[in-house]
Amino acid sequence: MERVIVIGSGPAGLTAAVYAARANLRPLVLAGGLYGGQLMLTTDVENYPGFPEGIMGPDLMIRFREQAERFGARIENVDVTAVDFARRPLLVRTDDAEYEAESVVVATGASAIWLEVPGEERLRGRGVSSCATCDGAFFREKHIVVVGGGDSALEEALFLTRFGRRVTLIHRRDRLRASKIMSNRALSHEKIDIIWNTVVQEVLGEDRVTGLRLHNVAGSTYVFEADALFVAIGHTPNTGVFAGQLDLDERGYIDSPDGSLTNVEGVFVAGDVNDHRYRQAVTAAGAGCRAAMDAEKYLEALEFKIENVHDRGPLPALP
Ligand code: NAP
């Protein structure tokens, strides 16, 4: 029986693992087949405190992982396929194993959203991507399009200027959602141009991307030549296995009316799977810390209850 199982291995999950490990709870981290979360698909992280020069996302996550392991966390790169939180101990299943636990921290994060337009799925890996770090280098001296108007889109666009001869950002509105600093950087970059008020209707090309069919608010539809499409339009929470087990909000994020607590006693939540507002590595890490501390308190209270039942012993004899 595990004392704490952490599901997920982004900043939230691995911070929960560091704290739980340092509390001698020997957490088991079910990290997912693609461990490390969204930062594994990011380039420079410049706003994580403690790294004044910035750090690459994957390097940061390797450090998180090493830190958790140093204190005794056991990390397995497997996906959780089912949970049963209606029973005690709590049950967590993967394809090959079944684990019982006194407490669980859910930190499964969120995943990239796609445009869902014709041609997008067919040409994924052939010019369509959601990860500039992974695929940017394939498009040296090419014309690259990025879709989206948030920080992710601008971060991708800026990174892709290292490779592309030209980077076009296509945004559906007439103003960016991204932070001022990122917006200013992108708007003033000589390689980046922006097409406003426009959506992608179709990705064109036989065996690789050759262009996009665009549609703008003025009502015109036209073909725009491009060699690659990077989609950066936000994320959706990874809560599939928790449906029916934990309360979710109307957007599918795990509900936590009070800190890291969920509607199930002993199950705690942290990070982007429960946060559609801040969604930062540092807020996720903070939430992971909070969840582990809550789990620790919960286990202490549980032990106290059990010890009290045992310690009471037989009733004293009546005089
Ligand atoms: P986001 O802030 O939700 O932005 C998504 C963008 O995609 C919006 O501009 C949205 O348009 C657009 N969009 C959504 N659905 C679309 C569709 N179907 N077709 C076309 N466009 C669509 O997501 P994000 O950029 O991934 O950022 C998420 C969070 O992470 C934010 O809090 C952000 O600050 C943070 N983040 C920070 C950094 C950094 O500081 N370095 C880097 C990455 C992310 P509308 O504007 O019209 O809604």
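This is a predicted model: local features need pLDDT of at least 70, side-chain atom pairs count only at pLDDT 80 or more; totals for chains, interfaces and linings use all residues.
Local features require pLDDT of at least 70 and side-chain atom pairs count only at pLDDT 80 or more, while totals for chains, interfaces and linings use all residues. Residues are numbered from 1 along each chain as its sequence is written, and side-chain values use heavy atoms, with hydrogens and water left out.

Domain 1 (2–112 + 235–311) and domain 2 (128–231) both contribute residues to the shell around the ligand, so the ligand lies between them; the bounds come from an automatic or database domain assignment. The shell holds 18 residues, of which Asp151, Ser152, Glu155, Arg173 and Arg177 come nearest (near: a heavy atom within 4 Å). By class, three are nonpolar, nine polar and six charged, with Gly counted as polar and Asp, Glu, Lys and Arg as charged. Helix H4 (residues 151–160) supplies the largest share, three residues (helices are DSSP runs of H or I, at least four residues; strands, E, at least two).

Polar contacts are pairs of N or O atoms within 3.5 Å. Oxygen atoms of the ligand lie 3.0 Å from a polar side-chain atom of arginine 172, 3.4 Å from a backbone N or O atom of glycine 150 and 3.5 Å from a polar side-chain atom of arginine 279. The protein buries 78% of the 920 Å² that the ligand exposes when taken alone (Shrake-Rupley method, 1.4 Å probe).

The largest nonpolar core comprises 37 residues, among which Val29, Tyr48, Leu60, Phe64 and Val105 touch the most other members. Such a core joins buried residues (under 20% relative accessible area) through side-chain atoms within 4.5 Å. Strand S1 (2–7) and helices H1 (11–22), H2 (57–70) and H6 (281–311) each give two or more residues to this core, and H6 gives the largest share, nine residues.

How values were computed
A polar contact is a pair of N or O atoms within 3.5 Å; within protein, one must be able to donate a hydrogen and the other to accept it, and residues adjacent in sequence count only if both atoms are side-chain atoms. Buried means under 20% relative accessible area, exposed over 50%, partly exposed in between (1.4 Å probe, protein chains only).
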